[in-house]
Amino acid sequence: MAIMRMIALTLVGPYDEMENVAREMVLYGGFQPLPIDFLLNDRNIRARINTDGENPYDELLSEISMLWRICGEQLPPPEPMSIGSGFTLSSAREEVKAITKKLDIWRKRKDVIAGELDMLKAVRVYMKALANLKMNPNELADCDYVMPHFGRVMKDNFTRLIESTMDAPIVTLELSKSTDDNVWALAFAPSDYAERTQKMLDAVYFKEYSVKDIAERFTGSDPMKQIENRIALHERAIQGLSDSALKILRDDPKKWSEFYSRLYTMQRVYDVCKGRGEISGMYVLSGWIPFDTYDTIKKMLEEEAPRTAVLFETERNMINTGIRVPTALSNNKLVRSFQFVVQMYSVPSYGEIDPSPFVAFTFILFFGFMFGDIGHGLMLFLITAWLGKKKIMNHSLAYVMKYASCSSLVFGALYGSAFGFENPDWALWISPMHDISLLFVVAIVMGVLMISLGMVLNMIVRFRQRDFGQLLFDGQGLAGLFVYWGSAIAIFVSVKGYKLAFPVSYLWYTIAAVFILTFFRDVLARTLLNQKVEHAEPRSVQIIEVIHSLMNYFANTASFIRLGAFALNHVALSTTVLLLSNMLGSMPGGGVLKALMIVIGNIFIVGLEGLIVFIQVLRLEYYEFFSKFYKGGGSAFKPVVWGKR
């Protein structure tokens with residue numbers, strides 16, 4: 001009903017025009033690429049076509065983003081950009097290469113200086129530790145009997161090191177903790193135990209700094225001052241390199257932001273072109289577009305690509321080749337939210353009836369019928385709105401629950417129920433607790449109408465497929481609908497004792513005759529309609545199928561009793577909360593306890609019962625309604641849209 005017609009568009013033209021076309025397709029946002037392999041059945045032609053699935057702009061975007069990463073800045077938000085003829089892949093590569101070459105030199109210098117700075121900070125820790133221990137760096141480095149090991153190790157590994165050296169002639173001192181959860185440590189071991197000591201340190205990934213190098217490099221009367229000066233010098237150098245990159249951005253921020261957006265746009269363009277092929281200097285690009293956009297796209301192609309040939313295939317021709325046509329749904333805002341419910345079951349296959357409009361109406365109706373309460377509906381609406389705004393809840397689900405909660409508000413007014421307080425005098429229609437019989441009758445009637453709608457939709461599907469045999473004589477076709485409605489009327493008349501112009505038994509005889517007629521569905525299709533029946537089922541299987549369909553009618557109808565049952569369940573839960581609150585009210589401090597019980601109880605009802613009712617509505621939609629006509633199994637139309645991959 002709301003499934004858009006699709007056509008397969010194939011373009012053949014020179015590279016420069018094909019890139020312009022792809023760019024316009026990205027900005028237009030209504031083109032889903034189709035691999036060339038699907039369109040060409042001739043192996044000889046397919047072998048001559050070259051395809052390239054790599055996107056060269058992926059690498060360029062990754063490289064240019066280094067500019068913002070080095071500066072510690074956020075990447076600019078990309079915007080759709082017009083691409084002039086002077087902007088080519090080769091020119092983009094040269095531009096990126098020029099800037100990344102500078103950045104790479106600065107990055108390497110920064111890495112070297114950062115390594116030196118790391119070593120200097122280690123030396124500072126070491127020298128301070130020795131000063132506290134009243135040790136001389138030179139004497140410690142030249143010691144013949146004891147070998148010192150200074151370095152850094154992860155905290156967990158330091159614990160392992162302590163445990164492994166408990167029975168060894170090794171003394172380990174923790175000097176200080178590093179900011180990145182490392183430990184600076186100094187270990188002493190006898191010189192003749194050097195090899196085993198080294199193995200233990202290597203096992204815990206001990207990052208060692210040579211104490212001899214430290215003693216030789218930092219001499220004089222005040223080595224700590226030398227260290228601090230060098231640390232300050234290195235930090236200024238690192239800051240200077242970062243400022244150099246930042247200066248490039250700040251000198252012309254618009255230029256680099258636009259350049260990034262152009263690369264981003266062209267990346268989307270190549271996503272469109274990923275299914276393209278090249279043969280004899282001409283490029284081939286194919287994909288799906290909605291039928292109603294064909295005139296607009298054709299006009300654009302005439303302006304942007306006058307040398308490009310445009311070919312198209314209808315969806316029927318594509319289906320005959322075995323290619324799955326994608327499904328694009330077109331619904332108003334209300335119904336569009338309920339596409340989420342349908343797609344949780346399955347995406348409609350192309351050409352199938354989209355049940356979203358029916359789901360939108362019945363979901364809202366059934367939810368409110370089972371969960372009718374003004375107060376609880378209001379609570380559910382506010383909770384859902386908050387969860388949707390904070391993006392805790394899926395956007396589509398949030399809309400579905402908003403509409404469902406509004407239905408609860410309406411039915412709450414019809415039932416005269418607010419926060420579990422129910423008064424028949426407030427009711428605009430019925431009170432579930434006082435009109436139980438009517439409540440269940442309405443539930444059954446709603447079930448009969450829902451199942452009948454499913455059967456009518458099934459007949460529409462059979463009509464579209466030109467399968468008139470199943471449309472007229474199948475258990476879920478017109479004959480089945482007559483049996484279902486005839487049985488419903490006969491049962492209703494018998495229960496109520498109404499008198500007809502003819503005996504009720506005549507109605508049952510007619511129903512039985514039509515029911516038996518459905519056993520000969522295929523025979524009647526061949527003889528009366530001259531219809532060729534493909535994959536005809538054995539008579540025994542067909543009889544079992546018809547009987548199963550008839551039993552399902554009554555089972556599915558009975559399933560709708562849950563509408564009334566859960567409406568009563570809501571009243572029962574609310575009454576229980578009120579009784580418990582009254583019991584607590586008679587205890588010491590009862591006023592507070594009573595209020596607390598009412599608040600907690602109502603939150604519990606909204607949360608738990610709201611979830612249960614949601615699941616029950618899904619069950620009625622999926623099992624009682626969809627089973628009559630809906631198969632699903634389609635693939636969603638996924639056009640390449642600017643900003644999304």
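Author: Asn530 is exposed, because its relative accessible area is 69% (buried is under 20%, exposed over 50%, partly exposed in between; 1.4 Å probe, protein chains only). The model is predicted, so local features need pLDDT of at least 70 and side-chain atom pairs pLDDT 80 or more, while totals for chains, interfaces and linings use all residues. Residues are numbered from 1 along each chain, and side-chain values use heavy atoms, without hydrogens or water.

Where does Asn530 sit? Its place is the loop between helix H23 (521-527) and helix H24 (539-559) (helices are DSSP runs of H or I, at least four residues, numbered from the N terminus). Asn530 is not a glycine, yet its phi is positive, about 55 degrees. Most residues other than glycine have a negative phi.

The loop between H17 and H18 holds Lys391. Lys391 counts as exposed because its relative accessibility is 73%.

H17 covers residues 374-389 and H18 covers residues 395-415. Their axes come within 7 Å and cross at roughly 165 degrees (lines fitted to C-alpha atoms over the stretch in contact; angles run from 0 to 180 degrees between N-to-C directions). H17 is therefore roughly antiparallel to H18 (under 35 degrees is roughly parallel, over 145 roughly antiparallel, 65 to 115 roughly perpendicular, the rest oblique). On the H17 side, the contact uses Ile374, Gly377, Leu378, Leu380, Phe381, Thr384, Ala385 and Gly388 (heavy atoms within 4.5 Å). On the H18 side it uses Ala398, Met401, Lys402, Ser405, Cys406, Ser408, Leu409, Gly412 and Ala413.

The largest nonpolar core has 67 residues (buried Ala, Val, Leu, Ile, Met, Phe, Trp, Tyr and Cys joined through side-chain atoms within 4.5 Å). The residues with the most contacts inside this core are Phe338, Val341, Phe363, Phe366, Phe367, Phe369 and Leu563. Helix H19 (residues 436-464) gives the most to this core: eleven residues. Another core lies apart from it, with 54 residues, including Leu117, Val125, Trp256 and Met266.

Take Phe369 from that list. Helix H16 (residues 356-370) contains Phe369. Is Phe369 buried or exposed? It counts as buried, because its relative accessibility is 1%. Leaving out residues up to four places away in sequence, Phe369 touches Phe411, Tyr415, Trp429, Leu439, Val442, Ala443, Met446, Leu563, Gly564 and Ala567.

Phe363 has its own set of partners. With residues up to four places away in sequence not counted, Phe363 touches Phe338, Val400, Ala404, Phe614, Val617, Leu618 and Glu621.

Glu621 leads on to one more helix pair. The axes of H19 and helix H26 (residues 590-625) come within 10 Å and cross at roughly 45 degrees. H19 and H26 are therefore oblique to each other. Met450, Ile451, Leu453, Gly454 and Leu457 of H19 meet Glu621, Glu624 and Phe625 of H26.

Technical notes
Helices (H or I, at least four residues) and strands (E, at least two) are DSSP runs, numbered from the N terminus.
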